[in-house]
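Please read this note with the sequence and the model open side by side. The points can be taken in order.

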Amino acid sequence: MTERYPGYDVLAKRWTQSWNEQTRRTIDRRLAMPVEPRFFSPAEWQTLGAVCERIMPQPKERAPVPLPAFVDQKMADGLRDGYRYAQLPPQGEAWRRGLAALDRAAHEADGAPYHRLLPERQDDLLRCMQRGELTGEAWGGMPCEMFFEHRVIPDITHAYYAHPVAWDEIGFGGPASPRGYVRMGLDRRDPWEAVEAAADNGAAARRKNARVG
Amino acid sequence: MPVSADPFAAPRAANGRAPDVFKRGAWVAMRQFADDEIVDFAVVGTGAGGAPLIAGLAEGGFSVVGFDAGPYFRPLEDFASDEREQEKLYWTDERVVDGANPLTMGGKNSGKAVGGSTVHFAMVSLRFRPEWFKSRSALGYGADWPLDWREMWDYYTRAEKALSISGPVNYPWGPKRPRYPYRAHELNGAAVLLARGAEAMGIKWTPTPLATVSAPRGQSPPCVYRGFCRFGCSTNAKQSQLVTFIPKALRAGAEIRDLAMVGRIEMGPGGCATGVHYRREGRWRFQKARNVVVAGYAIETPRLLLASATDRYPDGLGNSSGLVGKNLMTQSNQAVFGTMAQEVRWYKGPPSLAITEHWNYDDRKDFAGGYCWMAQGPLPVEWVTIQTSSRGLWGQALRDEMEKYNHQVGLKMVGEMLPDERNRVTLADEKDQYGLRVARVTYSWGDNDKSLITHALGQMQISLEAVGATNIFRQENDTNHLAGTARMGDNAATSVVNADCRSWDIPNLWVCDRSVFPTTGGVNPSLTITAIAMRTADRIRALAARGEL
């Protein structure tokens with residue numbers, strides 16, 4: 001896969017005027033996220049890991065953002081959204097029930113646990129969940145499409161796009177205090193913002209991105 | 001550099017001092033009152049409604065204690081440039097949402113901090129269209145307010161001055177208003193595209209009046225366009241209540257109690273409130289007060305009034321009309337997004353630097369109510385929320401779309417939804433961490449709401465097409481802002497409070513937040529809340545002078 005912002009590393013700005021002390025502390029904690037679960041059981045953890053890989057596949061060339069760990073942290077620390085749909089149980093219970101029900105669906109469809117299925121089959125089951133087609137006692141009355149939309153998707157994708165690795169991929173400026181930005185208009189770039197690779201010249205963008213800071 | 005203690009661990013406003021929000025580790029003096037000292041006013045909530053009232057009452061010589069369930073933040077030390085870390089500003093206690101169109105809460109619609117949701121609001125500071133104060137008689141829908149727009153026009157001017165609103169010299173719509181106190185901010189790429197689209201459609205646009213300063217003001221430096229504006233402002237350019245009316249209130253002798261959750265209003269045998277029960281530092285306490293003002297916004301305000309029910313008031317306090325908790329209104333907040341060939345980099349600057357209020361002032365429509373739309377600048381976590389909830393994307397398809405981030409452009413509406421008694425706040429059976437019953441929030445859109453949304457989505461799409469955006473998609477399911485659960489009126493049978501925000505039933509009980517709005521209008525609400533709070537402070541002072549308190 002061609003990188004859109006080759007060589008851009010938002011962390012290179014860590015000691016510039018774009019980052020303050022409280023932001024450095026925040027991002028340091030995120031980068032040091034422990035990868036062992038505190039909330040999920042070993043079986044749930046395996047299923048969750050497989051779900052994360054399908055919802056947010058990551059390039060093989062780098063260490064993955066530990067998405068299951070971020071979901072686990074949210075549940076273990078009780079970091080709530082501030083609202084709950086009446087059809088859904090509290091978030092931790094929703095995850096436990098949903099992962100068990102997905103695993104049950106995998107056994108029923110393919111005779112194997114979810115994390116052992118081929119990626120295409122894993123995707124098939126997620127699509128069924130998204131469309132509201134998974135039913136059965138294991139769901140305990142929880143609509144599977146609501147679990148998918150309001151738990152699976154936000155808990156995994158929010159964790160990913162809160163990570164500096166994702167900011168590098170999409171060319172986001174990242175933390176910006178106290179310096180902020182100066183060049184505001186269309187097609188304007190401050191020297192501390194990512195350079196997009198032109199169709200024919202990724203090398204030039206890479207050279208410029210090495211100087212972003 | 002000193003590191004201040006965790007704002008959640010223990011109250012900061014204590015021992016005769018409160019945080020100096022403008023200086024690291026510094027303090028300002030704060031007067032304090034004992035629980036058994038009968039204060040003139042106990043105000044529950046310190047946001048856009050509570051804070052100006054607390055300041056105005058203290059300046060009038062009243063003894064005032066302002067309670068907030070959230071912490072007392074120090075912006076320069078506590079606010080990181082980070083979406084997730086800043087979720088600490090939201091009200092994330094459990095709430096149950098249902099109905100045909102359940103409301104999204106949390107980051108939307110709530111703040112739990114001294115200063116309330118103004119600590120993380122997007123700073124858009126607009127006036128109502130004058131006719132909205134009489135929308136039933138002038139426009140044929142909703143309900144009339146017991147306020148006169150000319151009086152409100154004066155309070156808007158005072159609120160804009162108090163918050164040093166940055167805006168245009170001439171505002172394109174409505175009756176004449178003074179020029180804004182500070183010059184308008186420059187446009188970012190997203191705002192330029194709104195302007196071009198509006199001009200192509202032949203409708204007016206303007207730089208958005210914003211509560212972030214474009215030049216120094218007191219200890220606030222000018223905005224540096226860092227773009228984390230829907231979160232805490234780490235430079236104090238944002239004129240939130242935390243850095244404007246709260247410091248003013250302290251100087252005037254008010255006390256602020258942070259991390260203080262009010263759970264019940266106590267009623268005396270004579271039919272008057274006698275004070276509030278609140279939880280602070282792990283125990284329930286009782287503050288005696290001659291007057292109680294509820295300013296907790298449209299969920300917590302009715303929740304507290306309902307939870308304070310007694311044998312004499314079995315349906316909750318101030319509820320002889322049966323309207324406490326009813327007529328909950330939100331605002332339609334749908335959007336249209338597209339992709340530009342140019343780099344927009346919409347994360348720079350306040351997200352809504354340009355606006356068109358055209359459809360708030362043009363009545364050639366086949367539905368009631370109006371709407372505006374503004375430029376957009378979602379940061380990555382918000383953007384992935386929009387991509388997934390609007391398009392159902394995940395996997396590689398989601399990654400591919402997210403990579404276009406710097407080329408995205410969008411327009412987002414703030415639209416009027418009509419009052420409906422079936423949309424309401426009630427108490428669920430389950431309890432929160434304080435042992436209080438959580439709010440159940442029920443919401444369904446009406447046919448008029450849907451017609452308005454359809455119209456707006458079509459108009460915004462035309463604007464995006466006019467500037468050459470491609471790959472256009474709609475965010476059809478989003479709402480924001482709350483109102484209406486303790487409406488004001490001029491008749492005790494059809495409203496909860498009168499024009500002075502005073503309960504019809506209990507003479508020393510007041511409501512001062514957006515719960516009192518009978519209709520919601522097609523603009524962001526905070527400036528109107530603040531204007532009403534400033535008026536209420538004046539009215540209470542006038543009533544007291546006449547011996548009518």
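1. Basis of the note. This is a predicted model, in which local features need pLDDT of at least 70 and side-chain atom pairs count only at pLDDT 80 or more, while totals for chains, interfaces and linings use all residues. Residues are numbered from 1 along each chain as its sequence is written, and chains are lettered from A and ligands numbered from 1 in the order in which they are written.

2. Chain A overall. Chain A has eight helices and one strand (helices are DSSP runs of H or I with at least four residues, strands are runs of E with at least two, and both are numbered from the N terminus). The order along the sequence is α-α-α-β-α-α-α-α-α. The C-alpha trace of chain A spans about 55 × 40 × 30 Å along its principal axes. Of the 213 residues in chain A, 44% are buried (buried: 20 or more other C-beta atoms within 10 Å of the residue's own; exposed: 12 or fewer; partly exposed: in between; C-beta atoms are placed from the backbone). Among contacts in chain A with a separation of 6 or more, 67% join residues 24 or more positions apart (contact: C-beta atoms, placed from the backbone, within 7 Å).

3. Domains of chain A. The assignment gives domain 1 as 1–18 + 174–213 and domain 2 as 34–165 (such bounds come from an automatic or database domain assignment). The centres of these two domains, taken over C-alpha atoms, are 33 Å apart.

4. A helix pair in chain A. Helix H2 (residues 42–55) and helix H6 (residues 144–161) of chain A pack at about 75°, with axes 10 Å apart (axes are lines fitted to C-alpha atoms, for helices over the stretch in contact, and angles run from 0 to 180 degrees between N-to-C directions). H2(A) is therefore roughly perpendicular to H6(A) (65 to 115 degrees; under 35 counts as roughly parallel, over 145 as roughly antiparallel, and the rest as oblique). H2(A) brings Val51(A), Cys52(A) and Ile55(A) to the contact, and H6(A) brings Val152(A), Ile153(A), Ile156(A) and Thr157(A). By class, these are six nonpolar, one polar and no charged residues (nonpolar: Ala, Val, Leu, Ile, Met, Phe, Trp, Tyr, Cys and Pro; charged: Asp, Glu, Lys and Arg; polar: the others, Gly among them).

5. The contact between the chains. How many residues does each chain give to the contact? Chain B gives 56 and chain A gives 44. On the side of chain B, the elements with two or more residues are helix H2 (75–78), strand S5 (96–98), helix H5 (189–201), helix H9 (380–391) and helix H10 (396–402). H9(B) has the largest share, five residues. The chain B side divides into 22 nonpolar, 18 polar and 16 charged residues.

6. Strand S1 (residues 84–85) of chain A pairs with S5(B) in the parallel sense over two bridges (two strands pair if DSSP finds at least two bridges between them). In this pairing Tyr85(A) stands opposite Val97(B). The open sheet has four strands in the order S1(A)-S5(B)-S19(B)-S18(B), with mixed pairing. S1(A) and strand S18 (424–431) of chain B are at the edges with a single partner strand each, so one side of each has no neighbour in the sheet. S18(B) pairs with strand S19 (residues 437–442) of chain B in the antiparallel sense over five bridges, and Leu427(B) has Ala439(B) as its bridge partner.

7. The helix over that sheet. Helix H7 (residues 297–307) of chain B lies across S18 and S19 of chain B, at about 65° to S18(B). Ten of the eleven residues of H7(B) are buried, including Glu300(B) and Arg303(B).

8. A loop glycine in chain B. Gly370(B) sits in the loop between helix H8 (358–361) and strand S16 (371–375). Gly370(B) is buried, because 26 other C-beta atoms lie within 10 Å. Leaving out residues up to four places away in sequence, Gly370(B) touches Arg129(B), Trp359(B), Asn360(B), Glu416(B) and Gly522(B).

9. A hairpin in chain B. Strands S10 (residues 261–267) and S11 (residues 273–280) of chain B pair in the antiparallel sense over six bridges, with Ile265(B) opposite Val276(B). Five residues lie between S10(B) and S11(B), and Gly271(B) in the turn has a positive phi of about 85°.

Conventions:
Two residues are in contact if their C-beta atoms, placed from the backbone, lie within 7 Å.
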